[in-house]
Amino acid sequence: MSLRDTFRRDQVFGPLRPGTRPVRPGQLDTGGKHILYMEDITVSFEGFKALNDLTLYIEPGELRCIIGPNGAGKSTLMDVITGKTRPDTGSCYFGQTLDLTRMTETEIATAGIGRKFQKPTVFPEHTALENLELAMAGPKGTWQALLQPVTRQQYDWMAQTLETVGLLAQKDQLAGALSHGQKQWLEIAMVLMQKPRLLLVDEPIAGMTRHEVERTAELLQSLAGDHSVMVVEHDMEFIRSIANTVTVLHQGSVLAEGKMQDVQNDPKVIEVYLGETG
Amino acid sequence: MRHSDLTTALTDRTAKTFLGILFGAVLIVALLNLLVPAESGLHVSSYTVSLLGKYLCYALLALALDLVWGYCGILSLGHGAFFALGGYAMGMYLMRQIGDRGVYGHPELPDFMVFLNWEELPWYWHGFDSFGFAMIMVALVPGVLAFVFGWLAFRSRVTGVYLSIITQALTYALMLAFFRNELGFGGNNGLTDFKDILGFSLREDSTRVALLIASALALAGAFVLSRWITGTRLGRTVMAVRDAESRARFLGYRTEHYKLWIFTVSAILAGIAGALYVPQVGIINPGEFSPLNSIELVVWVAVGGRATLYGAVIGAILVNYGKTVFTGVMPEAWLFALGGLFVAVTVFLPQGLVGLAKSLLKRKRQPEPTLSDKEADHEPA
């Protein structure tokens with residue numbers, strides 16, 4: 001039994017936690033075919049296997065949709081990628097060199113993985129613009145934050161990003177006062193300000209009106225290409241409207257993967273998921 | 001995008017109003033004390049001068065707590081410890097100034113050490129005969145303690161009630177330690193019988209007025225500094241940590257560094273408040289470490305209103321004025337009044353007096369609160 005198994009990482013002081021630093025600290029290397037490699041990942045909570053021997057690859061610039069019934073492990077998958085949950089076994093690499101299982105949440109975010117949460121979590125007491133300022137890629141140290149004012153270029157970049165998500169008119173409004181759909185977009189804008197290579201988008205259209213859903217679909221499609229985008233969503237119609245490649249999760253592992261058309265006609269998928277929801 | 005620098009923090013309307021009222025009041029009190037003869041009805045007694053000076057020290061302490069509690073959401077129930085440590089550093093300097101004028105007339109040792117039959121000055125008392133060294137210690141000792149304590153606590157992600165409890169334990173442990181005679185800080189009597197500061201007698205009216213002005217300057221400086229900090233991206237990040245810490249972490253912020261930064265700055269301000277407090281009240285003893293003091297401090301900030309800075313100052317002055325009046329009339333009921341005040345403020349005025357004033361002004365301007373206003377009333381923990 002290793003030290004890791006003896007001490008759960010949230011029960012010991014930081015310095016005692018093994019492996020919270022990257023093995024080879026360095027730049028993202030996207031020389032390979034894929035940008036994200038997840039191999040043989042298993043995560044269990046109290047005996048329940050949230051992820052079971054899961055293997056998944058994401059290509060650069062790809063828009064990938066992850067679907068699956070409740071409890072299929074979709075959120076756990078995102079937690080593993082962002083460093084919130086450590087896998088029991090398996091490897092998870094971002095590019096060729098960055099071992100995500102040995103990096104902290106902060107290091108992973110800085111390396112270029114941005115996450116939009118299921119529940120929109122913006123900073124409610126800050127304006128829309130300030131939310132973007134906080135999210136902006138750049139030095140995140142305390143002294144830089146104290147002494148470096150926002151430059152003209154950074155301001156323009158923020159305004160431009162707000163325009164992309166259609167929130168420029170609301171730039172000085174407190175984020176807490178935005179509508180639910182607007183909060184979702186603001187959060188996407190915040191993730192974009194991190195200049196991510198890989199965007200994880202968790203249920204982006206929950207609580208949106210039909211018009212807002214259409215705009216979100218356009219937005220996500222326009223983001224793919226420059227970024228790799230991974231979308232977790234329940235709404236089949238929405239998936240159909242944006243999907244290129246779909247991965248179906250079931251009981252913690254990949255059940256099927258491929259074009260939406262093929263996946264939809266896969267008998268296994270129909271049985272566990274599409275059949276149930278009609 | 002607003003990124004305040006020291007100039008804007010000094011010259012915007014809130015700062016001008018605050019500094020105007022502060023220095024106006026201090027100037028009037030100083031002049032009425034020094035220039036108006038004692039027989040006149042307009043004369044302000046030296047007792048009042050020192051009382052006001054004491055309030056300003058409390059206000060500075062409340063401001064320091066507002067930085068960590070109001071802006072960063074860290075409810076420290078042990079901030080009195082940093083105040084007391086700053087006070088002890090100043091007290092040690094004042095003790096060394098007594099020289100051979102003590103009761104036992106020992107040229108080197110303070111009275112309590114002679115009483116304990118100590119032969120020589122403990123090593124950690126060396127240097128405190130220098131004012132400059134003592135002033136460095138006033139900032140350094142609370143700062144280093146806050147840094148080490150915060151480093152351990154924030155790295156291990158201790159938050160919320162648990163953090164409040166260990167800050168309380170910290171100040172309690174220090175109180176027990178300082179009660180012990182062999183620690184060399186005067187045991188339960190503490191440090192007292194001070195004679196003079198920088199060669200000026202502490203009994204002189206002019207010295208008391210000078211200390212009052214020094215307290216006002218320190219409060220004004222801390223206010224401008226805090227407004228500057230909270231107006232920069234650092235300040236906005238600290239508030240983001242308060243509202244959604246894990247979100248800030250996913251954005252790439254080492255949130256523990258931000259908490260540690262603001263906690264340490266706050267502890268240093270608390271230490272400075274303690275150092276100015278001691279010469280004005282003439283004593284520092286382990287009672288200042290009492291957890292009760294730290295809890296009272298939380299009540300001041302809650303009454304005034306969190307995350308506005310001036311709210312903390314208003315709260316500290318009002319509650320302490322109330323305490324002075326109340327303890328004069330019926331001292332045994334003060335703690336009940338304080339407890340009742342805290343409950344009342346928590347239940348009826350979650351944003352304190354400043355929040356009440358703001359919402360009254362808002363209601364005057366727009367009678368019907370809109371739905372989006374209600375959603376905006378987010379309550380930081």
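Two residues are in contact here if their C-beta atoms, placed from the backbone, lie within 7 Å. These close-ups come from a predicted model in which local features need pLDDT of at least 70 and side-chain atom pairs count only at pLDDT 80 or more, while totals for chains, interfaces and linings use all residues. Residues are numbered from 1 along each chain as its sequence is written, and chains are lettered from A in the order in which they are written.

**View 1. Chain A meets chain B.** The contact takes 29 residues from chain A and 28 residues from chain B. On the chain A side, α3 (105-111), α4 and α5 (142-147) each supply at least two residues; helices are DSSP runs of H or I with at least four residues, and strands are runs of E with at least two, numbered from the N terminus. The largest share, 5 residues, comes from α4(A).

**View 2. Helices α4 and α7 of chain A pack together.** Helix α4 (residues 128-135) and helix α7 (residues 180-193) of chain A pack at an angle of about 30°, their axes 8 Å apart. Axes are lines fitted to C-alpha atoms, for helices over the stretch in contact, with angles from 0 to 180 degrees between N-to-C directions. Here A:A128, A:N131, A:L132 and A:A135 of α4(A) touch A:L186, A:A189, A:M190 and A:M193 of α7(A).

**View 3. An open sheet in chain A.** Have a look at the 4 strands, ordered β2-β1-β4-β5 with antiparallel pairing; two strands pair if DSSP finds at least two bridges between them. Strand β1 (residues 36-45) of chain A joins β2(A) over 7 bridges, and A:M38 has A:L56 in β2(A) as its bridge partner.
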